[in-house]
Amino acid sequence: MARLKVLHPGLQTSVQDAGRLGHEHLGITVGGHLDDYAAAWANRLLDNPPGSAVLEITLLGPELQALDGGWLALAGADLRALIGDRPWPPGSSRNLRAGEQVRFAGVKRGARAYLALSGGIQVAEVFGSRSTDLSAKFGGFKGRCLEAGDVLTYPGLPAHPRLAPVETCLWRETVRILPGVHLDRFPATAWERLLGTDFQVSQHSDRVGIRLEGTPLTDKGLTADTISEALAIGSIEAAPSGELLILLKSRGSIGGYPTVAHVIRADWPVLAQLKPGDTVRFQAVSRQQARAAWQEQQNRLKLTPRELPAAGGAPGHGSPPRRIAVTAPVGGVLHLTAPSAAGQRVQVGHLVALLEVSQQFYDLESPVAGTVVVTYFGEGTSVETGTVLMEVETDAP
Amino acid sequence: MAKKLWQAAAPAGDGALVLKFGEHADPEVNDLVHRVAAAVRAAALPGVWGVVPAYTTLLIEYDPLLSDDQELLSLLGHLPIPAEQRVPRCFVLPVLYGGDAGPDLSSVAAALRLSPDQVISLHTASPYRIYCLGFSPGFPLCGMLPVELRTARRSSPRTAVPAGSVAMAGAQTGVYPLETPGGWHLLGKTPLNLFALGHDPPTFYQPRDSLWFRAIDADQFARLAERARTGSAVIEEVALGSP
């Protein structure tokens, strides 16, 4: 296990994964990393299993010190990260030497950065997730934000220097919406006003929701004495005062006011990157456009990261062992072979798996000689094009 | 094709669908909500990752890459919805009313033009049905309060309400299982632990069960709190007669 020590915690730094799914009927909120796109890139740059726990860093970042050497990857907001005095741009991985420090000099673009640690941050799962529920105070690292003196542990698996091939921070001022479930409770002019107004993100925004300042949608307040119901993440609701609130992943599962609109799924990462004072305007899209945007975003996540030459030249003799991913060239049903088990030695061209596609079998061969370190899916799993199936560590030269 | 149990269905954005089962929060409508919720959770429909039953509505959350509202509605139309098998239970919840345990009792009594004792006797008069769990982990949203007790929520919510606080707002009453922010009026506090972290389910009660609040004094509270601390608290149950 490798260790990373917190010297200074920053504004709000917490351990998050994809969130607590399937427990909302118990009143347990989803939570998790608010920007799932940036968090996914941080994990991909290290070949971490999808959904590994990462650090969510909000606006003012922490100061961290590597107690052991280890690989880290950064994605999402540009908070002017530095390793020692060297700038570390988001969307890339770095190998920290023991004793080296990471700090963040200030907000350049976006609001939330994601720091992945190779192999994922090791904390216990609570209700199926490693996320910190900051309101109920459980999960993650002791149910709270990081504090000075905390030490995070992670497997410290080998990784390599990489660069995301696309921008990992989806910050922008325009957020795309669909009509809300309660739009008929609003005056006929409300939708036009919503689309025609520039709003400002309020200081009172948090992981539960983004409060907006700007002209109210109605001249008098809406009555709120309707029966409580569950509101979807991304709902834009209007308080009796007329103030608008966009619900994020840490919203309470039941409650709420009338909903005028819903932010499309593909723009949840945009919401996560808005910071107090930012301008926001809304753009209406069709359901087809919403779906295409989400499809395009998921496809972008499958792009292959760029491999970089080892920073500063390889120390001493030769390069360290490298992990090579075996990916699915087409979608299909996975069938494993004997050499696919972790720890098995493989040669170039060894059959490591078969993909069943329309009753045809497609051979997957190991691209390198080495040792299988991890196989992510079991026999018979349906996988999509581009899915990383397993990783083979090359023999050290 | 199964008979449709909901009145209306509407997409809530591109990743969620809301089913509506009735206009008013009555037990029959709410029973339907929970029957369909249980069936949807058991069916593990493609792309569906969240199911949130409330008073009269059911929210179904899904990955728009794997499903859409039309496809989901068609699958739901063919879903077998088993009849409810579980007989609802009624739990007695001991409450120390007023004082530090219930800092809003006197102000809310004054606003309702009642004495604190009248508020306590109205609040403990009969059991309240748990319509759903929500707002915060394990929070039982119960109703409906007698009209004499109905009042608007606090104008400024508290940033931290102590765990075990028994509260009310509007026609609803409930208990804060964990220390969280909250905007309801705090009437008292139960010494029982309501939320067992990591257990599934984490609460001894479920929706459709009832909570019957019973006033206790400070000595009883201390004794029960000690038993709750050592894990030896016994939760009292009463049989519900046929309605």
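Arg97(A) is exposed, with a relative accessible area of 59%. Here exposed means over 50% relative accessible area, buried means under 20%, and partly exposed lies in between (1.4 Å probe, protein chains only). This is a predicted model, in which local features need pLDDT of at least 70 and side-chain atom pairs count only at pLDDT 80 or more, while totals for chains, interfaces and linings use all residues. Residues are numbered from 1 along each chain as its sequence is written, chains are lettered from A and ligands numbered from 1 in the order in which they are written, and side-chain values use heavy atoms, with hydrogens and water left out.

**Salt bridges within a chain**

- The structure holds 36 salt bridges over all chains. A salt bridge is a side-chain nitrogen of Lys or Arg within 4 Å of a carboxyl oxygen of Asp or Glu.
- Arg97(A) forms one of them with Glu100(A), at 3.7 Å from N to O. Glu100(A) is buried, at 16% relative accessibility.
- Arg86(B) and Asp209(B) form a salt bridge at 3.0 Å, N to O. Arg86(B) sits in the loop between α2 and β5 of chain B, and Asp209(B) in the loop between β12 and β13, so the pair ties together parts that are 123 residues apart in sequence.
- Arg86(B) is partly exposed at 25% relative accessibility, whereas Asp209(B) is buried at 0%.
- Asp31(B), Glu84(B), Arg129(B) and Arg208(B) are joined into one network by salt bridges that share partners.

**Where chain B meets chain A**

- Chain B brings 50 residues to the contact and chain A brings 40 residues. Contact means heavy atoms within 4.5 Å.
- The two chains bury about 3,400 Å² between them, 62% of it on carbon and sulfur atoms. Buried area is the accessible area (1.4 Å probe) that two parts lose on being put together, summed over both.
- In chain B, the most area is lost to chain A by Asp14(B), Trp49(B) and Leu65(B), together 20% of what that side buries.
- Four salt bridges cross this interface. Asp68(B) and Arg291(A) meet in a salt bridge at 3.9 Å, N to O.
- Asp68(B) is partly exposed, with a relative accessible area of 27%. Arg291(A) is also partly exposed, at 35%.
- Eleven residue pairs are in polar contact between chain B and chain A (both at pLDDT 80 or more). A polar contact is a pair of N or O atoms within 3.5 Å; within protein, one must be able to donate a hydrogen and the other to accept it, and residues adjacent in sequence count only if both atoms are side-chain atoms.
- Strand β3(B) gives the largest share of chain B's side, five residues. Strands (E, at least two residues) and helices (H or I, at least four) are DSSP runs, numbered from the N terminus.

**Domains of chain B**

- Chain B is divided into domain 1 (2-77) and domain 2 (90-238). The bounds come from an automatic or database domain assignment.
- The C-alpha centres of these two domains are 29 Å apart. The contact takes nine residues from domain 1 of chain B and ten residues from domain 2 of chain B.
- About 750 Å² is buried between domain 1 and domain 2 of chain B. Asp31(B), His34(B) and Tyr55(B) supply 60% of the area that domain 1 buries there.
- Two salt bridges cross between these domains. Arg208(B) and Asp31(B) meet in a salt bridge at 2.9 Å, N to O.
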